[in-house]
Amino acid sequence: MAKGKYQQWITKEGLLKLEGWARDGLTDKQIAHNIGVTEQTLNVWKNKYPSLYESLKKGKEVVDREVENALLKRALGTTTVEKQSKMVHIDDDILAMERRNYENKWKLDHEDATEQEIKDAAIAAIPEYKRIPIIEIKHELPPDTTAQIFWLKNRKPNEWRDKHETELSGGVNTSNPFKDLSAEQLRKLADDHDG
């Protein structure tokens with residue numbers, strides 16, 4: 001099948017790939033290039049195939065929301081939790097008992113399975129080690145003024161933009177009191193001022 005044919009991009013796999021590219025931040029032009037069509041063709045497909053449009057939209061919205069949420073957390077301050085744990089070996093008797101129980105349940109759903117398949121399924125499902133928590137460390141991240149400024153300038157630009165325009169009513173007098181003086185008279189004034 002040719003690389004740019006729409007049929008392959010409206011399948012479950014194709015839509016998932018498009019959504020992933022959008023989530024990764026690719027523009028429509030870059031996505032069109034990846035699938036071997038022009039951006040105009042991709043726009044036609046988006047209008048013609050709602051599932052394609054929705055996949056691209058969904059991919060972009062997810063990332064936008066994640067970034068918005070992260071920015072808001074940094075602007076307001078947040079707490080993060082670092083969890084440390086270690087892996088410990090399960091007691092041999094307990095491990096054997098849990099695997100036997102799993103084997104018995106698995107046999108009911110897989111009547112034709114061999115003894116080795118049953119044992120392999122139990123080994124895969126019940127690991128020898130388990131993770132146990134050791135400590136949780138909370139980190140307080142204070143509010144970030146840069147994130148606050150960015151948020152406010154974009155959300156409330158009329159109140160938070162750097163450049164404010166002021167409107168004047170009435171006229172402004174810009175008359176030059178020296179406009180009628182000759183160059184010689186100006187020099188004399190400058191000399192008198194210096195001396």
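**Helix packing and domains in a predicted model**

In this predicted model, helix H5, formed by residues 92–109, packs against helix H6, formed by residues 115–125, at an angle of about 125°, and the two axes are 9 Å apart. The helices H5 and H6 are therefore oblique to each other. The crossing in which H5 passes H6 is right-handed. On the H5 side, the contact is made by Arg-99, Tyr-102, Glu-103, Trp-106 and Lys-107. On the H6 side, the residues are Glu-117, Ile-118, Lys-119, Ala-121, Ala-122, Ile-123 and Ala-125. Sorted by class, the contact of H5 with H6 contains seven nonpolar and five charged residues, with no polar ones.

The domain assignment of the protein gives two ranges: domain 1 covers 12–76 and domain 2 covers 82–141. Between the C-alpha centres of domain 1 and domain 2 the distance is 39 Å.

Two further helix contacts involve helix H4. Helix H3 (residues 39–48) and helix H4 (residues 50–76) have axes that come within 5 Å and cross at roughly 110°. Angles from 65 to 115 degrees count as roughly perpendicular, and H3 and H4 are therefore roughly perpendicular to each other. In this contact, Leu-42, Trp-45, Lys-46 and Lys-48 of H3 meet Pro-50, Leu-52, Tyr-53 and Leu-56 of H4. The classes represented in the contact of H3 with H4 are nonpolar, with six residues, and charged, with two; no polar residue takes part.

Helix H1 also packs against H4, at an angle of about 35° and with the axes 7 Å apart. The crossing of H1 and H4 is right-handed. From H1, the residues in contact are Leu-15, Leu-18, Glu-19, Ala-22 and Arg-23. These meet Ser-51, Leu-52, Ser-55, Leu-56, Lys-58, Gly-59, Lys-60, Val-62 and Val-63 in H4. The contact of H1 with H4 divides by class into seven nonpolar, three polar and four charged residues. Leu-52 and Leu-56 of H4 are listed in the contact with H1 and also in the contact with H3.

Three aromatic pairs are present in the structure. One of them joins Tyr-6 and Trp-45 in an edge-to-face arrangement, with 6.3 Å from centre to centre and 65° between the planes. Tyr-6 lies in the segment before helix H1 (12–23), whereas Trp-45 belongs to helix H3, so the pair ties together parts that are 39 residues apart in sequence. Trp-45 is also among the H3 residues that meet H4.

Notes: Residues are numbered from 1 along each chain as its sequence is written. This is a predicted model: local features need pLDDT of at least 70, side-chain atom pairs count only at pLDDT 80 or more; totals for chains, interfaces and linings use all residues. Side-chain values use heavy atoms; hydrogens and water are left out. Axes are lines fitted to C-alpha atoms, for helices over the stretch in contact, and angles run from 0 to 180 degrees between N-to-C directions. Helices (H or I, at least four residues) and strands (E, at least two) are DSSP runs, numbered from the N terminus. Angles under 35 degrees count as roughly parallel, over 145 as roughly antiparallel, 65 to 115 as roughly perpendicular and the rest as oblique. A crossing is left-handed if the near helix is turned anticlockwise from the far one by less than a right angle, and right-handed if clockwise. Contact means heavy atoms within 4.5 Å. Ala, Val, Leu, Ile, Met, Phe, Trp, Tyr, Cys and Pro count as nonpolar, Asp, Glu, Lys and Arg as charged, and the others, Gly among them, as polar. Domain bounds come from an automatic or database domain assignment. Rings of Phe, Tyr and Trp (its six-membered ring) pair if their centres lie within 6.5 Å; planes under 30 degrees apart count as stacked, over 60 as edge-to-face and the rest as tilted.
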